Amino acid sequence: MRAEALAIDIGGTKLAAAWIDGTGTVRGHRVVATPAAPAGATDRPWQALRQLIDTALSDRPDQVLGIGIGSAGPIDAERGTVSPVNIPAWRDFPLREHVRSHVSGLSHLGGPDVQLAGDGICATVGEHWIGAGAGSRHMLGVVVSTGVGGGLILDGRLHHGRTANAGHIGHMVVDVNGEPCPCGSVGCVENIASGPSMVRWATANGWAGAPGATARDLFAAAHDGDKVALAAIDRAAQALAAAFVSTAAVCDLDRVVVGGGVAQAGELLFQPIRDWVRRLGGLAFVADLAITPAALDQQAGLIGAAALIHEPDTYVRH
Ligand SMILES: [Zn+2]
């Protein structure tokens with residue numbers, strides 16, 4: 001008998017769903033574009049998600065163990081609501097309740113278990129469950145992409161914190177004299193090390209990237225030896241390393257797992273991060289921090305969402 005969890009990943013550009021079993025094997029991975037919808041048009045993204053769920057359910061296993069949802073933030077895990085920055089139609093949208101009532105007919109037990117967590121947390125959980133963080137007891141998971149997110153594993157379990165936002169490394173302040181960040185603070189990691197932030201800094205400092213240039217273009221220029229592109233990446237690596245060693249000093253980590261679109265640049269990013277960790281990491285238990293590339297690529301978030309259902313003792317707050 002096949003028993004699987006339905007994993008859902010909600011982002012500003014795409015919605016994804018897949019069936020995932022207790023070993024993390026992914027089946028029936030489906031992706032649709034997130035419909036562009038103005039503030040207030042709550043139904044448009046929801047219709048697209050409902051269709052995606054219905055398509056997945058037409059291919060459902062013998063037993064649906066539950067539904068795990070990872071969503072772009074901010075989210076409120078207590079209330080089950082989401083307000084993704086890049087989905088303006090959803091502000092305090094009660095996603096967990098919508099999904100729960102949509103699938104309530106699925107089980108004679110009053111509907112399957114539905115769990116919701118932030119996308120950075122789901123990526124961390126996925127990497128810890130079966131990826132580059134497997135077996136780690138004290139791990140920081142980091143996603144470097146159009147934003148910078150993350151999650152924290154302490155004593156072998158997901159650390160939730162007061163509002164279930166623990167591990168939000170993107171808004172750790174690494175430069176108290178830095179530029180204002182949209183979050184309201186200054187000098188945040190995300191405002192220096194996200195892909196768009198790197199491109200913005202490089203452009204302001206004379207990098208002649210084409211209009212609409214992305215982090216991918218910046219890394220290509222760095223690969224060809226462009227000095228400003230290299231400096232932008234080094235500056236991002238410094239900010240990331242400062243956040244990593246600071247977190248390690250507080251939490252006594254054994255490793256940091258770094259994924260996300262920007263991290264796919266590989267050694268062009270990881271080498272300067274490791275150099276900066278060595279320079280900024282003072283105490284012995286900080287200086288030997290392992291910095292590991294993520295192993296699950298773009299599926300970490302989906303796999304982590306499924307782990308919320310398969311391994312609740314480790315990843316769900318009770
Ligand atoms: Zn910030």
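Predicted model: local features only at pLDDT ≥ 70, side-chain atom pairs only at ≥ 80, totals over all residues.
We can begin with the metal. The zinc ion is held by four donor atoms, ND1 of His 171 and the SG atoms of Cys 181, Cys 183 and Cys 188, at distances of 2.0 to 2.3 Å. Angles among these four donors run from 105 to 116°, and the site is tetrahedral. For comparison, the ideal angle for four tetrahedral donors is 109.5 degrees. Along the chain, the donors of the zinc ion are spaced as H-x9-C-x1-C-x4-C. Cys 181 counts as buried because its relative accessibility is 7%, under the 20% limit. Cys 183, with a relative accessible area of 45%, is partly exposed.

Turning to the sheet, five strands make up an open arrangement in the order 3-2-1-4-7, with mixed pairing. Strand 3 (26-33) and strand 7 (113-118) are at the edges and have a single partner strand each, so one side of each lacks a neighbour in the sheet. On average, neighbouring strands of this sheet are turned by 15° against each other, direction ignored. Six bridges join strand 1 (residues 3-10) to strand 2 (residues 14-20) in the antiparallel sense; among the paired residues, Ile 10 has Leu 15 of strand 2 as its bridge partner. Helix 1 (residues 43-57) lies across strands 1, 2 and 3, and runs at about 25° to strand 2.

Finally, the loop between helix 5 (195-204) and helix 6 (215-223) contains Gly 209. This glycine is partly exposed, at 27% relative accessible area. Between Gly 209 and Gln 299, the separation is 90 residues in sequence and 30 Å in space, C-alpha to C-alpha.

Terms used
Residues numbered from 1 in each chain as written. Heavy atoms only, no water. Donors = N, O, S within 2.8 Å, 3.2 Å for Na, K, Ca; no water. Tetrahedral: all angles 85-135°; square planar, octahedral: opposite > 155°, others 65-115°. Buried < 20%, exposed > 50% of the residue type's maximum accessible area, 1.4 Å probe, protein only. Helix = DSSP H or I, 4+ residues; strand = E, 2+ residues; numbered from the N terminus. Pairing = 2+ DSSP bridges. Axes fitted to C-alpha atoms, helices over the stretch in contact; angles between N-to-C directions. Contact = heavy atoms within 4.5 Å.
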